[in-house]
Amino acid sequence: MAEMGSKGVTAGKIASNVQKKLTRAQEKVLQKLGKADETKDEQFEQCVQNFNKQLTEGTRLQKDLRTYLASVKAMHEASKKLSECLQEVYEPEWPGRDEANKIAENNDLLWMDYHQKLVDQALLTMDTYLGQFPDIKSRIAKRGRKLVDYDSARHHYESLQTAKKKDEAKIAKAEEELIKAQKVFEEMNVDLQEELPSLWNSRVGFYVNTFQSIAGLEENFHKEMSKLNQNLNDVLVSLEKQHGSNTFTVKAQPRKKTKLFSRLRRKKNSDSAPEKGNKSPSPPPDGSPAATPEIRVNHEPEPASGASPGATIPKSPSQPAEASEVVGGAQEPGETAASEATSSSLPAVVVETFSATVNGAVEGSAGTGRLDLPPGFMFKVQAQHDYTATDTDELQLKAGDVVLVIPFQNPEEQDEGWLMGVKESDWNQHKELEKCRGVFPENFTERVQ
């Protein structure tokens, strides 16, 4: 009998729930069709929107934090393997072996401590914060169902009251159900109206505490790691001092393209070569206008040597007309002979540079108008290692040399990892770009300006 009673209660409850679902579905259809009004609460709907936004942001933050922790763990493993590699290659007779092993152990412990503190102070706090959202989300959904029940009971009661043939017993029962549905809905609604704004406002303090904890832990971690790295550096410096003859030489990147000055020389020779069938001219005497001149920029006028101001550079057959004219229409006294020789014996690209240099500027360069820097100056670098030049167009560097970097006249001539420049000491002494400039490996230097 007890089992039958229990089954009867269960069956009755199931039937009641089914009836409620049917009633709610019917009420929603009528509301959507506009045949039944719906109770609206704009303030609560705004709270629900804020709740959904807060849940989305919190879920994303939790996901990103777990990704960050996974990265920390991966870095820990990579650091541990690197330390183990150092321990294996560090031979027993080398000084500082015990110190290096101790540093590796402390490094491992520091990573473990950092990861655990992130879990305790950030991830667990995040899990607690998000743990309250499922219950509230369930209650919001339940409030929505109770609101539909309340609207349905209200419409049923109103329909019985406006019926032509009134049944007082049904009206009383409908009124009783309406009061009950309204009470259940209002109790849930009041609680959520208080909790949702409070939860929304709590996000500020939570975000502040979470990111402060992460930032503080990361700062302390890097401070302690910096100390360990400094200790390891001291051990390796001591090892280097005892084995100073076995230093590692930094090598320049290989150059693949044809050397710049070699190509210029070939172009120069081809431009000045006599035609077939003609006799080769005898070499010009030193100092004659036909000799290859040094390209020198004179910023102070020199004594006139038969040249008049405003003289122009004669055009050569292989030189563009634009490059053969002096920009600005004037030339320093004493430069006529050098200009004539330049136009007839040097490639057009060199003549263009010379012409622009005479007027004190190279178009588009960073050093325009600065007389103390070479034309086209971009920045300074300082040699960190000695470099022995292997070709005539390369600069010989000593550690500490300052080089003024200038652009390549033809960008296609530049090899990857190589720069064009002139040593500052040579420039200050000679002010001759063509003789002093050269290419050098970038990885042997460090930018200083």
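# A tour of the predicted model

Averaged over the chain, pLDDT is 76, and 66% of the residues score at least 70; pLDDT is the predictor's confidence in each residue, from 0 to 100. This is a predicted model, in which local features need pLDDT of at least 70 and side-chain atom pairs count only at pLDDT 80 or more, while totals for chains, interfaces and linings use all residues. Residues are numbered from 1 along each chain as its sequence is written, and side-chain values use heavy atoms, with hydrogens and water left out.

Colour by pLDDT and select residues 1-6, where the score stays under 50 and the model has 0 contacts beyond four places in sequence. A contact here means heavy atoms within 4.5 Å. Then select residues 265-369: pLDDT again stays under 50, but the model has 109 contacts beyond four places in sequence for this segment.

**Aromatic pairs.** Show the rings of Phe, Tyr and Trp (for Trp, the six-membered ring), which pair if their centres lie within 6.5 Å; planes under 30 degrees apart count as stacked, over 60 as edge-to-face and the rest as tilted. The whole structure has 10 aromatic pairs. One of them is Tyr-129 with Phe-133, which is edge-to-face because the planes stand at 70°, with the ring centres 5.4 Å apart. Tyr-129 is buried at a relative accessible area of 6%, and Phe-133 is buried at 1%. Buried means under 20% relative accessible area, exposed over 50%, and partly exposed in between (1.4 Å probe, protein chains only).

Next, select Tyr-150 and Phe-185, a stacked pair at 6.0 Å centre to centre with 10° between the planes. This pair links distant parts of the chain, since Tyr-150 is in helix H4 (residues 133-161) and Phe-185 is in helix H5 (residues 168-242), 35 residues apart. Helices (H or I, at least four residues) and strands (E, at least two) are DSSP runs, numbered from the N terminus. Tyr-150 and Phe-185 are both buried.

**Charges over rings.** Select Trp-200 and Arg-203: the arginine lies over the face of the ring, 3.7 Å from the ring centre. A charge sits over a ring if NZ of Lys or CZ of Arg is within 6 Å of the ring centre and within 35 degrees of the ring normal. Phe-379 has the charged end of Arg-447 over its ring, 4.0 Å from the centre.

**Strand S1.** Stay at Phe-379 and select strand S1 (residues 379-383), which is largely enclosed by the rest of the structure because 4 of its 5 residues are buried. S1 runs antiparallel to strand S2 (residues 402-406), joined by 4 bridges; two strands pair if DSSP finds at least two bridges between them. Val-381 stands opposite Val-403 in S2. S1 also pairs with strand S5 (residues 445-447), in the antiparallel sense over 3 bridges. Ala-383 has Thr-445 of S5 as its bridge partner.

**Lys-431.** Move to the loop between helix H10 (424-430) and helix H11 (433-436), where Lys-431 is found. What is the phi of Lys-431? Phi of Lys-431 is near 55°, a positive value in a residue other than glycine. Most residues other than glycine have a negative phi. Lys-431 counts as partly exposed, at 25% relative accessibility.

**Cysteines.** Finish with Cys-47, buried at a relative accessible area of 11%, and Cys-436, buried at 10%. The structure holds 0 disulfides (a disulfide is a pair of cysteine sulfur atoms within 2.5 Å).
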